[in-house]
Each structure stands twice: as structure tokens, then as C-alpha cells.
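My notebook is open and I have a new structure to look through. I'll jot down what I look up as I go.

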Amino acid sequence: MNLSSTQIWLIIGIVLTILEIVSTTFVVLFFGIAGLITALVSFLGVSSVTLQMLIFAVVGIGGLVLFRGKLSAAAHKGGATDYSSLVSKVIVLDSAIPAN
């Protein structure tokens with residue numbers, strides 16, 4: 001099976017974007033988007049693999065640096081609490097928890 005560089009970047013972009021759904025760290029998402037943008041650039045005629053990898057790295061790292069903090073803050077806005085520190089802890093309730 002011979003895949004073009006456009007198809008390879010498209011696969012990379014889709015896989016990384018789907019992986020973000022599982023990780024929810026907003027790190028892999030930017031590299032997924034970078035893969036999709038690199039696929040578009042490859043489709044438009046940039047055939048140099050070195051230039052494609054440079055575009056992937058710059059877009060991925062640039063998006064991560066510029067937008068991760070804002071996106072993460074927006075996702076956690078609204079009272080979401082990190083309960084990971086409570087894993088394997090014993091918690092004593094001082095009032096009943098309503099059914100609804």
C-alpha cells in the first residue's frame with residue numbers, strides 16, 4: 001500500500017485528535033490539528049518532507065504555547081474540581097447526598 005504524504009499527515013492528524021478525546025490534556029489536540037494543517041499544506045503542493053515536518057512542529061508547538069492555557073482554563077471554568085488527590089482516601093460525609 002503506497003500512501004502519499006498527504007494521506008499520512010491526514011492519518012496522523014485524525015489519530016492524534018481522537019487520542020485527545022481519551023487524554024483530555026489539551027496537548028495532543030494541537031499536534032492533531034498540526035497534522036491536519038500539514039496534510040492540507042502537502043495537498044496544496046509542498047512536497048519537501050523536511051518542510052512538512054517543520055510546519056507540523058511549528059504549528060503544534062505554537063498552538064500549544066499560545067492556546068493551551070486559555071483552552072484549559074475555559075474547560076475547567078464553571079466549578080470543575082480536580083478530585084485526583086482524593087483517590088484512595090477515606091471520606092466521611094457529614095450530611096446526606098440527595099438522590100437527584
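**Entry 1: Trp 9.** I started with the contacts of Trp 9, skipping residues up to four places away in sequence. In this predicted model, Trp 9 touches Gly 35, Leu 36, Thr 38, Ala 39, Ser 42, Gln 52, Met 53 and Phe 56. I decided to follow up some of these partners one by one.

**Entry 2: Thr 38.** I found Thr 38 in helix 2. Is Thr 38 buried or exposed? Its relative accessible area is 0%, so Thr 38 is buried. Apart from residues up to four places away in sequence, Thr 38 touches Trp 9, Gln 52, Ile 55 and Phe 56.

**Entry 3: Gln 52.** Next I went to helix 3, where Gln 52 sits. Gln 52 has 1% relative accessibility, and therefore I noted it as buried. Setting aside neighbours within four places in sequence, I listed Ser 5, Trp 9, Thr 38, Ser 42, Val 46 and Ser 47 as contacts of Gln 52. I also looked up Ser 5 against Gln 52: they are 47 residues apart in sequence, while their C-alpha atoms are 9.0 Å apart in space.

**Entry 4: Leu 36.** Back in helix 2, I picked Leu 36. With a relative accessible area of 33%, Leu 36 is partly exposed, because it falls between the 20% and 50% cut-offs. Beyond residues up to four places away in sequence, Leu 36 touches Trp 9, Leu 10, Gly 13, Ile 14 and Thr 17. Leu 36 and Thr 17 are 19 residues apart in sequence, and I get 9.2 Å between their C-alpha atoms.

**Entry 5: the helix pair.** I wanted to see how helix 1 and helix 2 lie against one another. Two packed helices are described by the angle between their axes and the distance between the axes, so I looked up both. The axes of helix 1 (residues 5–23) and helix 2 (residues 28–43) come within 7 Å and cross at roughly 165°. That makes the two helices roughly antiparallel, because the angle is over 145 degrees. I wrote down the crossing of helix 1 past helix 2 as left-handed.

Which residues meet there? From helix 1 I noted several, including Ser 5, Trp 9, Leu 10, Gly 13, Ile 14 and Thr 17. On the helix 2 side, Gly 35, Leu 36, Thr 38, Ala 39 and Ser 42 are among them. Sorted by class, this contact has twelve nonpolar, nine polar and one charged residues.

Entry 6: The largest nonpolar core has six residues: Trp 9, Leu 16, Val 28, Ala 34, Ala 39 and Phe 56. Helix 1 and helix 2 are the elements that give two or more residues to this core. Helix 2 gives the most, with three residues.

**Entry 7: two positive phi angles.** Most residues other than glycine have a negative phi, so I checked for exceptions. Phe 26 is not a glycine, yet its phi is positive, about 60°. I found Phe 26 in the loop between helix 1 and helix 2. Phe 26 has a relative accessible area of 18%, so it is buried; the cut-off for buried is under 20%.

Ser 88 is not a glycine either, and its phi is positive at about 65°. Ser 88 belongs to the segment after helix 3 (49–76). With a relative accessible area of 74%, Ser 88 is exposed.

Definitions and conventions. Residues are numbered from 1 along each chain as its sequence is written. This is a predicted model: local features need pLDDT of at least 70, side-chain atom pairs count only at pLDDT 80 or more; totals for chains, interfaces and linings use all residues. Side-chain values use heavy atoms; hydrogens and water are left out. Axes are lines fitted to C-alpha atoms, for helices over the stretch in contact, and angles run from 0 to 180 degrees between N-to-C directions. Helices (H or I, at least four residues) and strands (E, at least two) are DSSP runs, numbered from the N terminus. Angles under 35 degrees count as roughly parallel, over 145 as roughly antiparallel, 65 to 115 as roughly perpendicular and the rest as oblique. A crossing is left-handed if the near helix is turned anticlockwise from the far one by less than a right angle, and right-handed if clockwise. Contact means heavy atoms within 4.5 Å. Ala, Val, Leu, Ile, Met, Phe, Trp, Tyr, Cys and Pro count as nonpolar, Asp, Glu, Lys and Arg as charged, and the others, Gly among them, as polar. A nonpolar core is a set of buried Ala, Val, Leu, Ile, Met, Phe, Trp, Tyr and Cys residues joined through side-chain atoms within 4.5 Å. Buried means under 20% relative accessible area, exposed over 50%, partly exposed in between (1.4 Å probe, protein chains only).
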